Amino acid sequence: MLAVPTKTQSSRTWVYAPVVFLWAPRVWLFLNSSFLLSMQQKKSISELQEIARELRVHIITMVHKAKSGHFGGPFSAIDMLTALYFYKLNYDVNNSTWEDRDRFVLSAGHTCAALYSILSKLGMFPKEELWNFRQLGSPLQGHPKMKLEYGIEMSTGSLGQGLSIANGMALAARIQKKNYRVYSYETDGGAEEGMTWEGIMTAAHYKLDNRCVLFDLNNVQIDGFMSDIMNIEPVTDKFCAFNWHVIAVDGHDMKQLCAALDEAETIKGKPTAIICKTILGKGVSIFENKPKYHGTPPTDDEFKTALKELGA
Amino acid sequence: MSEQPLNIATRSAYGKKLAELGKTHPEIVVLDADLSGSTKTNIFAEKFPERFFNVGVAEQDLMGTAAGIAQSGFTVFASTFTMFATGRAWEIVRQSIVYPHMNVKICSSHAGITVGEDGASHQIIEDIALMRVIPTMKVLVPADAHQTMSMMDFLVNDKGPAFMRLGRADVPQVFDSSYQFKMGKGDVLREGKDVCLFTTGFVTRATLDAAELLASRGVSASVVCLGSIKPMDEDLIVNMAGRHDTLFSVEEHNVLAGFGSAIAEVLCEKRPSRLYRLGMQDEFGQSAPHPILLKHYKLDAQGIAESVLKKLK
């Protein structure tokens, strides 16, 4: 129903008013529809940095409160995951099962404090839920338990499995002839699991260019530095040899991360691995690059120091 | 005119039925790990190549990928040899398929000693145990082609993870085409009064034949086929226990933690009884043509009848 020009000046208002009245809500709905959501969500570099800082506070707080859980990995992950969720990922917070949404699998499930803090920031569930992390009955389990309403796409926790699962989602997209992308978060520790490489082969074999891996390379595993325990380098060479497109970035540089995510979307015929050089515990000086902070909650003093350094 | 008996392997019935279901169920996706010729998923693959994926010799990847496809709304059938599906990939089945309740049907072939000449490395006799102890997992073991196909009618409409154990070797049919499988329900194949023989899978035919042999020796045996191992027909088990002095379980599987043990768990609580478990007596298999193996491990009709009589002495 279009506005019809009328003969006189004064009557024009009477024609246009109902048009605006009828069409404004539809335009508003369209702008808020999933189709344009990704454009709305694109945050600036400084906004992304600020979000990551804030989420570090949430991460350390929830682990401290639970007196249990992992924060070292989440601190090395949070920058890349913030870039993913607040710059690139296409989804609808009001419709978590929107069939054309981009998918994300947190293959290293122990870094779930990072994922939960992001999902809460997006509004998928109330912030107060974070303080029930790892408590009896909480939907925020110690390692992710699938809950689509919260944006948790899959149960993970045992390293090595998520990459294959994400490949499955990407194959499903192909069968459905849909254009959504499937991202997964991998770690160097998780890549010690042989199954990871099975998945890496599969993604390349099936030319899953709708797949993108964010690979957290912090050189830390539980028993020490990976270079001492079980060396996995050279990682970028390995992915290249496995026929992936590889982009190497500083995992704490938002500009590089966003550029890499953009580049990944342009690659045809190959999946993309964004190899992110990171520091375990990044953001709080006393934690940085120390294996002991992989899976031990902070003491009260450490927690205080962390909050101070994070500006909370 | 009576129907032709369908004396084919359960894996063959699976492959045939899967391709038929593929026509009317566009939501079915099939995965294999380089064994589609043996598991018979190749029949589906040929007809519906866009819904079939081979991951090569990577059974953990098989199960993880299956989980991802199922998460996106498809009904996935994942096949390989049972040793690798339930052994090598056990943890992935547990973590990525069953725990998040993914709609993946693990229909793996070459279970038990009837694998034959490939030998012990390929003769899994622990799979029923491995799968049934995963919380909420369903475990189905068909005795013949007809039961396989009827089970698949159930599986395709059931939303959630399940394991179906298939065999390599041809097996004479036990049921006919009118058979309708019911989840959690067993089938009384023969009514007797002295002993009750609980059986499942490939050895069902031999157990029935053993019952005939026992009859000629003055022992009247009932034969109950339990294709649904989890959930199990507890009422039928208790009922049978009430009507027979001695019970036997017969399985192409280790007697530890498998089919017989599942029955024992029910009996202990609901109707304590004497149950003898026939099967692989906690030993590995070996290479030989499968009829020889069955005879060697006393899982042919003669062997079963002899074992029963021995226990009854």
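Tutor: Tyr116(A) and Phe133(A) are both buried, a term for under 20% relative accessible area, with over 50% counted as exposed and values in between as partly exposed (1.4 Å probe, protein chains only). Please note that this is a predicted model, in which local features need pLDDT of at least 70, side-chain atom pairs count only at pLDDT 80 or more, and totals for chains, interfaces and linings use all residues. Residues are numbered from 1 along each chain as its sequence is written, chains are lettered from A and ligands numbered from 1 in the order in which they are written, and side-chain values use heavy atoms, leaving out hydrogens and water.

A pair of aromatic rings is described by the distance of the centres and the angle of the planes. Rings of Phe, Tyr and Trp (its six-membered ring) pair if their centres lie within 6.5 Å; planes under 30 degrees apart count as stacked, over 60 as edge-to-face and the rest as tilted. By this rule the count over all chains is 19 aromatic pairs. For Tyr116(A) and Phe133(A), the ring centres are 5.9 Å apart and the planes stand at 75°, so the pair is edge-to-face. Tyr116(A) belongs to helix α5 (residues 112-122) of chain A, while Phe133(A) sits in the loop between α5 and α6 (162-176) of chain A, so the pair ties together parts 17 residues apart in sequence. Helices here are DSSP runs (H or I, at least four residues), numbered from the N terminus.

Elsewhere, one aromatic cluster is formed by Trp197(A), Phe215(A), Phe239(A), Phe242(A) and Trp244(A).

Definitions and conventions. Helix = DSSP H or I, 4+ residues; strand = E, 2+ residues; numbered from the N terminus.
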